[in-house]
Amino acid sequence: MTESSATSNFDNYIVEIHDNLDRLREIPGVDEQCSVLIGDLAQAYSEHPSPMQTAMCLSALFSGQKNILTFLRRASSKIELKKTKIEILQFLKFFVETASNKILPYAVELKTVLLIIFNVDSASDVRAAIFPILSQLMELSAGFPDMESEIDKMATTFLDQIGLQGSKTTATIKGLSLAFLGLLCKCFPEHMRKYSDPLLLGQILKYLHEHLVRDVVKFEMLIAAGAMEGLIYYLVNFVPSSIPVQQSTLNRNKTKEDEKRIKEEQIRCESDLKRVYIYASRAIQTQDQTNLNRYALVKAGLELFAQHSTLFTEYLYDDYPEILRCLRAWNAHDNYDVKKIAQRAYDTFLLGVANALKESNVKTPEQRRRAVYTFQYFIKEFRDKIDSPELEIRDLAMGIRGYGIFANACKLYGTEDDVKFMFVGLIQRCEQIAMPTITLSQASDVFDERFYALPNLLDALSAIIIEMTNIGEEFLGPLERLTVMTIDYYPRYQPKPQATTCSSVIKMILALQTKPTSYKPFLTRIVSQAIIRCCSHPLKSTVEQQIENIEPDVSDEQAKSLLAIGKTITYENYIPLWKTILNVTSLKEFDTSTYPIFDRQNMLVSLYDEMIDSILHIIDRLDLSVDKEKTEDENDDGTTTTDPVFGMRPVKPKDFEIFYNLVDFCQDLLPEQSPDLFQKWIFRFLYEIITASTKYPLVSGMYRFVTLVMNICLKLNFFKSDRIIPTTRGGIEMMDIDINENEQVLSVCTLVRRFAHEVLSRQKQYRDDLLISCLQFLISLPSECIDYDFADYVPAIQLALSIGLTYLPLAEQTINSLERWSQSTALNLSNFYDQILPYLDDFLRLSHDQGEDVNVRAIISSLQEKTRLNSKTKHVLPTRMLKKAKQIKHVYFLFFLKQNFYIKFYISIYYRQTVVNSRQ
């Protein structure tokens, strides 16, 4: 379906339901017909929810006299259209979610219509359907002035539903109203302050008291869950009072009923904050709830602990064993959603207890005795889990996370030996996870909980390491294996565990940084191993080519094969991990008190240096040699070729795969991530690569590496005499080099000039990827390196433009370089226009009517292609083919050419003509 036809259909659906509404009394089954139309509208939108489609749907739904809102206004009192209204509200929920901020211009009007439906319609399920949309609108429009003026109206509307006037309101509506009012307190705290306490908070606590403390006639879970959910939102911006209410004097002669009533009254007279804690604790009690089909109340109670446990620090001493038991029980539950919330609640609960044990909160001897007892209780619980003979990954991970959270308390209430004992026991158990029975390649379709436990292990160990004086050499091995394995499994995680993995690796490196004797060997080994593992996967170009080779109509077996190819891991899956780690100085989730910015800057510099050093070390160790394959019929083959890679094959194909992955890895990472830290490595990196290129001249990746360095130099203005030297720590570190700055620039320039002349000589006999890699290096050279012998480079520029007719990225790079060189006063590029400009004529002759799209891909010479087809015994050196670029029409390239070089083209022609006339 085209976008224009989709828009027409949207309008037609809206018009048709309006027509049906006009003939409501004339047509039987109007509700069914309209609900079908809305279903078709929802399907038409959900098939292609692109930005353009969303804009068109916005226009159809909210513009004009007949739109979805006018329909809802007219239908609000029509009980016959109940199904249609529910369908519309369900679609609007999905639409608001996808449209996001684009809905804001219509947010107030949509809110008004939803309130009309809520006040007019008597059907509970129709009224309930407005709350998800209202909640989305409130979160999207927080701080939106037009919506702020509507808060009072909404607050009074829903407060009526939970107050005395709402006695006939259903449990569903009461629960949803309580939750929504809490959301208003979260999104619009200034406007809700006058309703927050005691009006709203009093109603929430009243309902929770009735359903969780008193024996009500009928327990309404939806009311209790809604009140708890509203409380979660409420606590974001408002903290209940911690002052208890004065209790009345009661008679001493008490019956059993009196005792029960007194206990209920005692809870009611507690401070509001403690009442919140009591109700949340009762919400997660496992008695009579483990077999529930609906977990709304339990999830709300767990979520409250997950978000706000730190508010209850002073109350956690009272019944922490029971809370711990409940949280562990829900962590082991079969319901996935309950389990995920329980894991967060467990961590936040332990954090609250650990905060209570901090030295600043323990002042008297009695408080210290109590703190020691509490600490010993938790440590024993953690140790029992960790030392359990049956390896339950979930229980082990919980114990390990507890150890990490209580590491600081262990130092306060124990000795250095206690901390070391904790670490030794933990590292021994971690070995069982760090040495799994299956590898990453075998785990592509296997879910193993230990994969997801690895970041937790790193977090716990790093917290303990910070509290230790030093780390023995014997423990570095397990720590390295654990860290490298966590990095190795990174592509298999979901987005949220991936973010956790990044922070866990950073925390481990920062923790080891506090141990100078262990830090350097640890960092060297994990960086080297991590890079090798990242680059040991199939080439990205190979995977893409396999996907392209699949025919459109595929069999079931081919479809399975395509799915397996699509799930194949490449180096690219690891790039977000490395980018996050190299952005360590700007990550907001790291507390500056625990992880000072100076320490993170030190980590960045040392990590970057290790990464560059490891890359050079890996390149040096790879065997990229090739040999010529000899066959029996070699002398009978009448084909002759000057291609030096023809008939060659790598001695070690896996080394080639690692190398070309490493090239792509560096090209994607180094230019954008802290390029200023690369400056002190420029000479050594170039020297090592040029030396390797002399050893392996037929490997195109070597020239791509040098091109990468040239591009970084251009970004840093490395060859400019007036460039600004950074004053950051990275800039200071760059000065730590054997030769001074000017000597380094001179040495690099001399090295590049010599190598460029070698490449000019070599490339004359090269073909295909090898040739293009050489040309890309030559056109990436700065003007300072080619100013006095530019004439030698003109033939290469001409060749690059000729090849650029069929490989447009090369043409684009060449024209960009010409533009850059034209700005150099020392180069005088205009002297060579008469040799270069004629090669642009073919680009200008291209027209849109000469053919279809230009298929932009790596060039394969006709001779090499012919040889491959005619001789199965011959092999061609498997160099990495260039990435397939996006198809570009001739007309678009002409536009690009005009933008970048067209003006200079005509100026140059005029200049040449002026010179000719003057000579005549």
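Predicted model: local features only at pLDDT ≥ 70, side-chain atom pairs only at ≥ 80, totals over all residues.
So, F378: at 0% relative accessibility it counts as buried, where buried is under 20% relative accessible area, exposed is over 50% and partly exposed is in between, using a 1.4 Å probe and protein chains only. Residues are numbered from 1 along each chain as its sequence is written, and side-chain values use heavy atoms, with hydrogens and water left out.

Back to F378, which sits in helix α19. Helices here are DSSP runs of H or I with at least four residues, strands are runs of E with at least two, and both are numbered from the N terminus. What does F378 touch, leaving aside neighbours within four places in sequence? Its contacts are Y320, L324, F349, L350, V353 and F406, a contact being heavy atoms within 4.5 Å. Take L324 from that list: F378 and L324 are 54 residues apart in sequence, and their C-alpha atoms are 9.3 Å apart.

Helix α17, residues 316-331, packs on helix α19, residues 365-386, at an angle of about 15°, and the axes are 11 Å apart. The axes are lines fitted to C-alpha atoms, for helices over the stretch in contact, and angles run from 0 to 180 degrees between N-to-C directions. So α17 and α19 are roughly parallel; the cut-offs are under 35 degrees for roughly parallel, over 145 for roughly antiparallel, 65 to 115 for roughly perpendicular, and oblique for the rest. The α17 and α19 crossing is right-handed, meaning the near helix is turned clockwise from the far one by less than a right angle, with anticlockwise being left-handed.

On the α17 side, the residues include Y317, Y320, L324 and R328, and among those they meet in α19 are Y373, Y377, F378 and F382. By class, this contact has nine nonpolar, one polar and five charged residues. For the classes, Ala, Val, Leu, Ile, Met, Phe, Trp, Tyr, Cys and Pro are nonpolar, Asp, Glu, Lys and Arg are charged, and the others, Gly among them, are polar.

Now a second pair. Helix α12, residues 189-212, and helix α13, residues 221-237, pack at about 145° with axes 9 Å apart, and their crossing is left-handed. Their contact divides into 13 nonpolar, four polar and one charged residue.

Most peptide bonds are trans, and most residues other than glycine have a negative phi. On the phi side, D768 is not a glycine but has a positive phi of about 55°; D768 lies in helix α36 and is buried at 11%. N828 also has a positive phi, near 55°, in the loop between α39 and α40, and is partly exposed at 39%.

Buried or exposed? E303 is buried, at 14%, and its side chain makes a polar contact with the side chain of R344 at 2.5 Å. A polar contact is a pair of N or O atoms within 3.5 Å; within protein, one must be able to donate a hydrogen and the other to accept it, and residues adjacent in sequence count only if both atoms are side-chain atoms.
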